[in-house]
Every structure is written in structure tokens, then in C-alpha cells.
Amino acid sequence: MDDHLAIADRLATYAYALDSGAWDLLDEVFTPDAVLDYTSAGGIKGPFPEVKAWLAEVLPNWPGRLHLIGATRVTVRGDAAEVSASFTDTLAPSRELAKPPGILQGGGWYHHRMARTPAGWRSRELVEEQTWRTMY
């Protein structure tokens, strides 16, 4: 159960980093050689440092951000874990930009391949599987 709690904490840190803009907190979520794939949401796929910089460039265009992690399935095998976590996200523009494209909401699944490291659990791979998106 300790592993599940530690992994849940990494998922919460991920959501907080995205929503607060504390980009360096992502270093506590991913291994330096991790690969992140946001292509299902129209984003990029690449090595963690490249994707981290892309997130820091793109997400501030939506200063109102809220990522919620829901049902989580964790399978631990020794020092590796497979994690699938449902998510919903809301992206809202600033008041100055509160016109189309308006607010985006979406959801789906985050799929992580995680590894136990000396610093704790870290994601070696993230694939976002966006299953729905709406704009209003």
C-alpha cells in the first residue's frame, strides 16, 4: 500500500505542477530520460526536457488550469509499476482573452510506466489518452 500512496503523490505533484506553473516540480515526477506523449490532445511527443519546456511555453496561454486525477489503477511488479489514471482538465483563458476559444475541458487517461528510484517513484513514460474534449 505504501507504493500506491507514493505513486498517488507523484500524480498529485504532476497535476499541481501543471496547474500552478511550478515547472521544476515535474523533475520530481519524471526520470530525466522519460518520454512524454501528448499527441492524442494535439500536443507533442518527446524527451522529458523538451516536453517540459513546451508545457512551460504553451500552458501559460491558459492561466486558469485545473487537472483532476480520478480513478487510478496501479500494478506494481518489483521496482516497476504500470499506472492508468483517469483525468479531467479545464483550461481557461485570462480575463483579457475571455472570448473564443473560451474554456476547454477534456478528459481521458494518463498511462505511466514508473520506476522505483533512489529518490522514490518516478515516471519513465507518460502517454496521455485523451478520450474527449469540449469547448465553450
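Strands here are DSSP runs of E with at least two residues, helices are runs of H or I with at least four, and both are numbered from the N terminus. This is a predicted model, where local features need pLDDT of at least 70 and side-chain atom pairs count only at pLDDT 80 or more, while totals for chains, interfaces and linings use all residues. Residues are numbered from 1 along each chain as its sequence is written, and side-chain values use heavy atoms, leaving out hydrogens and water.

Now widen the view. Strand β1 (residues 30-37) runs parallel to β6 (residues 120-135), and four bridges join them. Strands count as paired if DSSP finds at least two bridges between them. In the order β2-β1-β6-β5-β4-β3, six strands make up an open sheet with mixed pairing. At the edges sit β2 (45-47) and β3 (64-77), each pairing on one side only.

Next come the helices. Helix α1 (residues 2-20) lies across β1, β3, β4 (80-92), β5 (104-117) and β6, at about 160° to β3. Such angles run from 0 to 180 degrees between N-to-C directions, with axes fitted to C-alpha atoms, for helices over the stretch in contact. Helix α2 (residues 48-58) lies across β1 and β2.

What does α1 pack against? Its buried residues (under 20% relative accessible area, 1.4 Å probe, protein chains only) include I7, L11 and Y14. The buried residues of α1 pack against β1, α2, β3, β4, β5 and β6, contact being heavy atoms within 4.5 Å. Just after α1, G21 takes a positive phi of about 80°.

Note on methods
Buried < 20%, exposed > 50% of the residue type's maximum accessible area, 1.4 Å probe, protein only.
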